[in-house]
Amino acid sequence: TLDSTLDVLQRGPTDAQTARGDRSALSGTELIRGATTTDTTAVIDLDPSFTDTPQSDQILALGQLVLTATDRPNISSVRFTVDGSATQVPRADGTLTTSPLRAVDYRSLVAGR
């Protein structure tokens with residue numbers, strides 16, 4: 001399920017992944033409160049503490065969430081809420097939006113893309 005996938009992502013990389021140099025902006029956080037899917041859009045609810053996170057860290061965390069969620073065959077975009085209310089979030093280029101986000105909005109964060 002999407003919830004279980006996001007739960008694994010939030011736990012962070014395994015020891016083997018860490019040894020390869022992988023890291024996660026979500027490791028050890030409790031930022032994800034839940035997720036639902038409407039048609040092909042995932043709605044990920046974030047904890048209010050997300051708004052206190054520096055924007056550069058927000059971008060990395062959101063990028064991980066969008067790229068992970070849209071890698072599922074039935075999800076093409078992700079919308080974010082904070083404590084159940086729509087919220088503006090930054091794309092990789094720093095511009096803010098409340099629109100659903102797609103993988104292309106964060107591809108620049110992935111090496112070799």
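Select T81 to begin: this residue sits in strand β3, where strands (E, at least two residues) and helices (H or I, at least four) are DSSP runs numbered from the N terminus. This is a predicted model, in which local features need pLDDT of at least 70 and side-chain atom pairs count only at pLDDT 80 or more, while totals for chains, interfaces and linings use all residues. Residues are numbered from 1 along each chain as its sequence is written, and side-chain values use heavy atoms, with hydrogens and water left out.

T81 counts as buried because its relative accessibility is 6%; the cut-offs, with a 1.4 Å probe and protein chains only, are under 20% relative accessible area for buried, over 50% for exposed, and partly exposed in between. Now show its contacts (heavy atoms within 4.5 Å). Leaving out residues up to four places away in sequence, T81 touches V43, I44, D45, L46, A86 and T87.

Next stop, β2 (41-46). 6 of the 6 residues of β2 are buried, so this strand is largely enclosed by the rest of the structure.

Now bring in the neighbouring strands; two strands pair if DSSP finds at least two bridges between them. β2 and β3 run parallel over 6 bridges, with I44 partnered by F80 in β3. β1 and β2 are antiparallel, also over 6 bridges, and T36 stands opposite V43. Zoom in on the hairpin that β1 and β2 form: there are 2 residues between them, and D39 in the turn has a positive phi of about 55°.

Then pick L6, I44, L46, L65 and F80. Of the 26 residues in the largest nonpolar core, these touch the most other members; such a core is a set of buried Ala, Val, Leu, Ile, Met, Phe, Trp, Tyr and Cys residues joined through side-chain atoms within 4.5 Å. α3 gives the most to this core, 7 residues. Centre on L6 and you'll find I32, A35, I44 and L65 touching it, not counting residues up to four places away in sequence.
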